[in-house]
Amino acid sequence: MSIAFFDIDGTLATGRNVPESAEKALAQMRANGHLVFICTGRPRAYAEKNFGQYADGFVCNNGRLAFMGDRKLHDRALTAGEIASFVADLDAAGSGYAFLQEWDAYYGGNPAYRHIAEQVWGQDMLHDGIDPEALHAFNFDIYFADAAHRQRIAAALGDRCLVNPHGPHPSADVTVLGCDKGDAIINVAQVLDVPIEDVFAFGDGINDQPMLRVVGHGVAMGNAVDELKAIAEYVTTDINDNGVKNALAHYGLI
């Protein structure tokens, strides 16, 4: 048995739309006795709701939470001190931000960007106000005016974080270094007793580097950033050119 971990945005889906060839390929892979995990910067509420039908398990929040059904495999929430420190730096940079729990998010910072977060979360799941002592948050998204503003925010966060922009959308998810997608994959593989050489990871973005570095087989999409292609074992075709299907066929998983 092998496990394949798939990033969502730009790898498995565009928005919430999964190419038909990828849908069929994942179903065939699972029918062949292998496990499919979603591995994303998105929180559980988003990932499970929109992509639960494709996967056996999930790694969420850029590696700080992993689960399979009702079984929690990995939980590395941010400390109150970490949250407070990030809030101070984000406020100084004029950022909007949302700290992400399993099922909801809490918005803080520049109110000018709250509507961007609300587009993603909806009114019911997005709350206002950050109380570091009360949150069980795993990571955070940032919201900004333009690319130059995003770069100022990234500079304020410094080398503690990896900022992954969402294409032209004025938002980015943030990996808090010290626990990333790679760490979660290692833990999940150990818990499920699958050798790391039988583990695959598929990605396209900056925040997918940690998972491609730790697995036996790292796959970059044809539309991936150059930094990811440089460390991939295999570069497949674009997401909308049967990228997932072609890679799974290349490795004999389907």
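Hi everyone, let's start with a pair of charged side chains: Arg160 forms a salt bridge with Asp89, and their closest N and O atoms are 2.4 Å apart. By salt bridge I mean a side-chain nitrogen of Lys or Arg within 4 Å of a carboxyl oxygen of Asp or Glu. Arg160 sits in the loop between H5 and S10 while Asp89 is in helix H3, so this pair ties together parts that are 71 residues apart in sequence. Helices (H or I, at least four residues) and strands (E, at least two) are DSSP runs, numbered from the N terminus.

A quick word on the source: this is a predicted model, where local features need pLDDT of at least 70 and side-chain atom pairs count only at pLDDT 80 or more, while totals for chains, interfaces and linings use all residues. Residues are numbered from 1 along each chain as its sequence is written, and side-chain values use heavy atoms, leaving out hydrogens and water.

The count comes to 12 salt bridges. Another one joins Arg44 and Glu48 (3.2 Å, N to O), both in helix H2 and four residues apart, about one turn of the helix. Arg44 is buried, at 10% relative accessible area, whereas Glu48 is partly exposed at 27%. Buried here is under 20% relative accessible area, exposed is over 50%, and partly exposed is in between (1.4 Å probe, protein chains only).

Now to H5, residues 147–157, whose buried residues are His149, Arg150, Ile153 and Leu157. Seen down the axis of H5, these fall within an arc of 100°, so they line one face of the helix; the arc is taken from the directions from the helix axis to the C-beta atoms. On the other side of H5, Gln151, Arg152 and Ala155 are exposed. After H5 comes Gly158, with a positive phi near 70°.

Last stop, the inside. Which residues touch the most other members of the largest nonpolar core? Of its 31 residues, they are Phe6, Leu26, Phe51, Phe202 and Leu248. Helix H1 gives the largest share of this core, four residues. A second, separate core of 23 residues includes Ile3, Leu35, Cys39 and Val215. Such a core is a set of buried Ala, Val, Leu, Ile, Met, Phe, Trp, Tyr and Cys residues joined through side-chain atoms within 4.5 Å. In soluble globular proteins, nonpolar side chains tend to be buried together.

Thanks, everyone!
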